[in-house]
Structures are given as C-alpha cells and as structure tokens.
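Please work through the two exercises below with the structure in view, trying each task before reading its solution.

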Amino acid sequence: RPVFERYTVNGSSLSETLQEYLQRQLAARGHAEFYPIALCQIYQESRFNSQAVAPNGLDFGLCQFRITYFDTFAAASGLVEWNIMSPIDQIYVYAYLMGKYLDQTGGNVNEALSMYYTGGNYYCAAYVNQVRQWEGTLAKIN
C-alpha cells in the first residue's frame with residue numbers, strides 16, 4: 001500500500017481519510033505533485049470546514065463550489081449521484097477540475113489555480129497569491 005503524506009496548513013488539518021482520498025484522486029489524474037498546493041487551496045476556500053457556506057450563500061463545502069456549477073462539474077466528472085455538501089463528492093469534483101486545468105495549462109500551477117477561481121475567464125493574481133501564501137505553513141504530520 002502506498003504511503004500517503006499528511007500535512008497541516010497553518011496549523012489546521014483536513015482529516016486523514018480526506019487527505020488520503022484527495023491524494024489518491026490527484027494521483028489517479030496524473031497530478032500527485034499538486035497535492036500539497038491542493039491542500040493550501042482547500043484551506044483557502046473553506047479552512048477545511050466541509051459544511052462551510054460563503055457569506056453570500058452561493059458557495060458550499062470544502063471547495064466552495066457554486067451549486068449552479070457543481071451540478072455540471074459533477075456530471076462531467078462522471079459522478080452519477082452527488083451531494084454538494086459531501087466532502088467526498090467535493091474532493092472528487094475538485095480533483096477532476098484541477099486535473100483538467102493542470103492539463104490545459106501544461107502543468108502551470110498558477111494558471112490552473114486562477115482557472116479554478118475565474119472559470120478561465122481571466123488571470124487573478126490576487127487569488128493565486130491567497131492560495132500560495134499557505135505553502136510556507138505546510139508541515140508534514142507523518
């Protein structure tokens with residue numbers, strides 16, 4: 001069985017089960033190296049709160065998906081049934097999207113992060129910086 005790396009981000013941690021699931025999903029899409037930054041991004045989005053709801057009431061869960069987009073993304077990812085508040089479903093769709101964006105950008109992490117935030121409409125340096133600021137706080141647990 002492969003060894004999975006566990007991290008904290010800014011002193012907080014996604015559960016061991018969800019970290020392993022995230023790492024497996026990214027690896028299955030050929031982007032295992034993105035895993036630490038993925039944790040930073042999910043931390044930025046929800047502070048690892050699987051029940052998070054944005055102040056505007058439009059974005060939900062760990063990855064802060066909009067319900068209007070989540071249904072489309074979930075179907076495109078191959079999920080047959082889904083629940084936007086399920087952390088497993090969120091991570092599955094997140095890994096699908098980030099894998100797609102990383103593939104589209106030739107592995108350019110900053111461009112892929114921006115595509116996640118903007119839908120690919122423009123480059124958002126502010127969002128990229130918000131996510132990347134947490135890299136310096138990553139600490140291995142195991």
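This is a predicted model: local features need pLDDT of at least 70, side-chain atom pairs count only at pLDDT 80 or more; totals for chains, interfaces and linings use all residues.

Residues are numbered from 1 along each chain as its sequence is written, and side-chain values use heavy atoms, with hydrogens and water left out.

**Exercise 1.** Describe how helix H4 and helix H5 pack.

Step 1. Helices are DSSP runs (H or I, at least four residues), numbered from the N terminus; H4 covers residues 87-104 and H5 residues 109-118.

Step 2. The axes, which are lines fitted to C-alpha atoms over the stretch in contact, lie 8 Å apart at an angle of about 130°, on a scale from 0 to 180 degrees between N-to-C directions.

Step 3. H4 and H5 are therefore oblique to each other, a class left over once angles under 35 degrees (roughly parallel), over 145 (roughly antiparallel) and 65 to 115 (roughly perpendicular) are set aside.

**Exercise 2.** How many disulfides are there, counting pairs of cysteine sulfur atoms within 2.5 Å?

Step 1. The sulfur of Cys40 has its closest cysteine sulfur in Cys63, 13 Å away, which is too far for a bond.

Step 2. Cys124 is in no disulfide either, since the nearest cysteine sulfur, that of Cys40, is 17 Å away.

Step 3. The count therefore comes to zero disulfides by this rule.

Step 4. Cys40, at 0% relative accessibility, counts as buried (under 20% relative accessible area, with a 1.4 Å probe and protein chains only), and Cys124, at 12%, also counts as buried.

Conventions: Helices (H or I, at least four residues) and strands (E, at least two) are DSSP runs, numbered from the N terminus. Buried means under 20% relative accessible area, exposed over 50%, partly exposed in between (1.4 Å probe, protein chains only).
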